[in-house]
Amino acid sequence: QRSQQRRTHDQPPLLFLAGSWRAPPPRPPMFDLGARPTLGSALLRQRPSAHPLLLEVDDSPCGGGPALLSQGRLDVDFTPPKPSRKSADAATKSRNRRHGPSWKPCVAELDGETGWSPSLDESFALCGDSADTGELTPATDVPTSLASSSSAAREEEVNLPLTGWLQVAKAKADLTQRVAVWAAQPQSNAVGWVMSRCLWVRRFFELTDDRLCCWASPEQREMAMTRPLQVFPLAQVDEVAVNGCDIRLHFRDGQASGCLRASSQLEAEQWSTAIRQVVARALRDEFPLGWDVQAMLTPRDKGDSVARLVNKERLPQATVDVVQQLVDHAFFCKRRTKDRRGDVPLRLVVEEVLRVENGSAWQDYDKERARIRGECAGALEPLAPEVLTSLLGAPALVSKTLGELDPACQEQWLFHGTTAAAVQGISDGEFRMDFAGRHRGTLYGKGLYLAECSSKADEYAEEDGHGVCSMLLCRATLGNILVDKEAKPSADLDQTCPGAGYHSLCGDRWAAVGTYREFVLYHASRVYPAYIMRYRRVSEAGLCMSMRQALDFQDAVAARTIVPYAARLAHEHSDRDIRYRLTLLLTSQDGFVVPALVHALSDPRPRVRCRAAATLAKVASELGLVQLLDDGTLHRRTSDKDPAVASAVPALIKALSDADAGVRRAAALALEPLGQHARKAVPALSRRLEDEDASVRRAVALALGKLGAPSEPAVPALGQRVATDESEDVRAAAATALGYLNGLARSTVHILEDKLLSDPYTQVRVAAAFALGQMGTHAAPAVASLIKCLTDPEAHVRRAVACAISFLGPRTAKAATPVLGRCVKDPDEEVRRAAAVALGHMGVAVVSAEEVAALSDGLVDSKAQVRRACAMALGRLGEAALPAVRRLVKVGLVDSSDEVRAAVAGALVDLVQHDGLGANAQLVEQEMTVRLKDHCDEVRKAAAMCLRLFKKDQGPVGCPVDTKCAPHWKRTEEQMGKLRAIYAR
């Protein structure tokens with residue numbers, strides 16, 4: 001149809017009329033365009049000037065851009081054809097013979113009675129055929145950006161009232177009775193002007209604060225009793241469009257559109273700017289503070305969307321940072337659910353945030369929110385636990401950046417993940433209930449599914465070609481919430497929940513199957529899509545790479561963001577391997593990590609501060625690792641220079657006064673392993689013993705005990721906590737701390753003795769017994785009380801007392817030996833084991849034949865740990881264990897437990913060293929020769945050692961000594977004593 005070469009006398013130039021609408025016109029058109037839902041075109045054929053042009057339906061889509069057709073007006077721009085083969089003169093002569101000497105702009109008038117007229121939401125374009133390019137050229141274009149939409153034009157206020165002359169389109173009743181186009185004759189240039197008068201009338205306009213009025217003349221406006229010819233209610237305007245000299249006003253609530261024409265484009269822009277400012281002032285109170293109402297009134301390129309009064313504003317980086325904090329706070333790495341596609345990310349990095357300014361959706365949401373607020377007045381049932389997004393810890397920061405929430409109707413910030421196309425459609429219009437369940441499913445019925453965890457909403461998002469996902473941050477009015485904790489919920493919840501008076505439903509999958517909580521609303525107006533987030537997913541490798549890059553470039557700003565987040569994952573991630581790897585990464589780079597964690601201690605979010613302090617505790621714990629050396633001694637690893645974590649002590653001292661109890665507790669635990677490096681924190685820790693939170697007092701007491709000698713000034717305060725604190729956990733922790741201080745706390749022995757006898761709680765009595773045992777000989781005044789407690793009804797107390805007596809020494813606890821002998825036959829296996837160990841520590845001078853017999857009987861105990869402890873105790877008794885040697889050989893060396901046989905073999909080695917075998921030496925030598933073939937390495941080692949002590953370089957023929965398992969070594973008496981202490985513990 002575009003080809004110029006195929007045109008003949010019967011085929012004049014072609015014109016196309018394209019249109020799109022949301023609803024069919026009220027009356028059938030003269031040409032059937034209403035049947036086409038999207039685009040239609042009309043073929044306009046040129047006839048001789050004496051006849052009107054005819055319009056015919058054509059199915060080809062319009063190739064040009066959209067153009068605006070105002071009510072009651074249709075402009076046709078005839079472009080003369082330029083043939084390519086003939087010369088210009090020949091073409092002119094041929095054209096004049098067929099159609100006259102020239103082509104003029106003409107007007108097509110619409111039929112006002114029986115013909116078709118456009119409805120409110122319809123727009124049409126009339127396009128001509130361009131001979132220059134061979135393409136369809138739009139007669140008029142809908143502008144994608146207007147001069148008045150610039151920030152400078154919006155900021156410049158227009159002085160009101162604004163008056164001037166404009167042309168206004170006539171009403172439908174004033175139009176002619178049929179569609180016709182007259183070609184302008186060269187001798188009558190006024191014909192086109194006469195035709196345009198049939199559709200446009202020049203009027204005098206006045207723009208005030210609330211309306212736009214028109215009069216026939218300025219004199220009529222000055223007359224007091226004269227009413228305007230037409231009034232445009234600007235409060236109902238939802239779009240102000242400018243196209244050249246034309247200004248189009250679109251009204252809400254089914255009112256007709258208005259079209260004005262200025263004398264110039266500059267004048268049209270001035271009038272449209274003023275109208276937008278007036279409309280913006282009128283609508284400003286209906287929308288949240290900060291919305292750009294003038295931009296909402298400006299038509300923009302929305303693709304296939306026909307939404308009006310919509311704007312999407314890109315927010316600054318400060319807002320992105322706040323949204324990133326909210327996303328990080330609400331991110332929980334739980335086990336994979338069936339809705340997850342692909343790997344589970346470790347973080348979501350927000351790149352862009354758009355504020356959705358949708359006037360229609362906001363007004364519907366605001367009305368529904370006010371209604372629910374009235375229904376919930378005085379009868380609101382709070383949700384427990386609270387919605388995760390409300391627990392960020394920085395409510396002022398969130399409310400200032402994102403907007404205030406209404407607690408009277410339980411309004412919350414929730415996430416909605418979906419595809420990018422769905423995000424665009426929802427933000428341009430609103431949520432649609434008929435689309436529910438199309439993306440994943442409807443476990444709780446057809447409704448709007450929202451999540452408090454960003455990691456849950458991310459399961460439904462999809463990446464585009466650049467790896468970017470989209471998610472909506474929504475306002476949701478929850479009202480009264482129905483909580484469903486069933487693993488298989490009822491199928492009719494979408495009917496029963498609203499019918500029972502609830503406004504929303506909480507599907508607690510967290511409690512049911514350990515995943516997430518979902519919030520379902522069955523009314524579209526109860527959710528408003530407030531923000532669009534565009535973000536990227538970060539895997540474990542990506543997170544570690546980010547930390548490595550920040551370390552390599554010494555990027556402190558990046559470290560302050562990523563290190564606290566990694567610290568939280570190291571504590572909370574569901575995968576143990578990921579927690580271990582992140583912890584290893586954090587503790588191995590303490591010089592880089594500690595400054596970022598110190599900065600995080602001043603973060604406004606309590607959760608971040610708490611995890612930062614806990615990670616500092618893990619870094620500090622590397623300083624306090626206790627190693628068991630080859631000679632059997634204990635060694636605490638230290639460094640010649642102050643570690644990097646020591647620089648965090650001032651920040652941790654300040655954190656002890658934090659408003660959040662969790663942060664104070666974590667700070668105390670972080671100071672605990674620092675030892676001498678945290679001596680400056682002792683006064684602050686002592687003051688925190690009066691904290692109102694029991695968990696904080698407990699952590700502070702343990703920290704003071706672990707600090708050692710620097711905590712000596714805090715001993716009286718710890719003793720007071722043991723004596724008077726109302727919490728049994730605090731009393732037990734304070735008693736344990738006094739035990740860590742050993743002799744430094746000897747002044748509190750009487751307090752510990754009193755608690756050991758009288759405290760009603762088992763854990764307090766156990767802690768008191770432990771503390772008295774750690775004090776050694778300083779606890780001699782409490783021996784009688786300890787002996788009395790060996791008959792305590794609680795087995796844990798009897799065990800703790802037996803262990804305590806073993807540390808007091810034989811001289812101090814000599815009187816407890818008979819009672820310990822009886823405890824070897826205690827009903828509880830742990831008590832029997834502890835009593836056997838204690839008897840072993842008493843030595844030859846204290847233990848009598850009755851206790852040796854009890855230990856000998858313990859070699860046939862039903863519990864292997866008791867048999868092992870009895871064997872080790874007999875080995876320490878030397879000559880006093882002579883009556884039990886035969887049982888050691890005949891019973892112990894053939895025990896079914898490898899540990900028991902190894903302990904018995906070791907005990908016999910000790911007896912050989914101390915000449916405690918007597919006449920049983922040959923028996924022992926024979927049995928040890930047999931044990932050289934034992935399948936347990938430890939038994940073979942002990943047997944080889946015993947035979948060497950008998951001055952045998954090798955076993956009998958055919959039984960060579962396993963030299964790899966029996967090295968040439970011999971412990972000194974001091975080393976043996978230390979080794980016994982280690983085994984006892």
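A residue counts as buried when its relative accessible area is under 20%. In this predicted model, Y365 has 1% relative accessibility and is therefore buried.

**Pair W165 and F204**
- The ring centres of W165 and F204 lie 5.4 Å apart with the planes at 75°, so this pair is edge-to-face.
- The pair joins distant parts of the chain: W165 belongs to strand β8 (residues 162-169) and F204 to strand β10 (residues 200-207), 39 residues apart.
- W165 is partly exposed, because its relative accessibility is 29%.
- F204 has a relative accessibility of 8% and therefore counts as buried.

**Pair Y365 and Y528**
- For Y365 and Y528 the ring centres are 6.2 Å apart and the planes stand at 40°, so the pair is tilted.
- This pair also links distant parts of the chain, with Y365 in helix α8 (residues 359-375) and Y528 in strand β24 (residues 527-538), 163 residues apart.
- Y528 is buried, because its relative accessible area is 1%.

**Ring cluster**
- Y365 and Y528 belong to a cluster, linked by ring pairs, that also holds F287, W291 and W362.

**Charges over rings**
- R261 places its charged end over the ring of W200, 4.2 Å from the ring centre.
- R347 lies over the face of Y565, and the distance to the ring centre is 5.0 Å.

Notes
Residues are numbered from 1 along each chain as its sequence is written. This is a predicted model: local features need pLDDT of at least 70, side-chain atom pairs count only at pLDDT 80 or more; totals for chains, interfaces and linings use all residues. Side-chain values use heavy atoms; hydrogens and water are left out. Rings of Phe, Tyr and Trp (its six-membered ring) pair if their centres lie within 6.5 Å; planes under 30 degrees apart count as stacked, over 60 as edge-to-face and the rest as tilted. Helices (H or I, at least four residues) and strands (E, at least two) are DSSP runs, numbered from the N terminus. Buried means under 20% relative accessible area, exposed over 50%, partly exposed in between (1.4 Å probe, protein chains only). A charge sits over a ring if NZ of Lys or CZ of Arg is within 6 Å of the ring centre and within 35 degrees of the ring normal.
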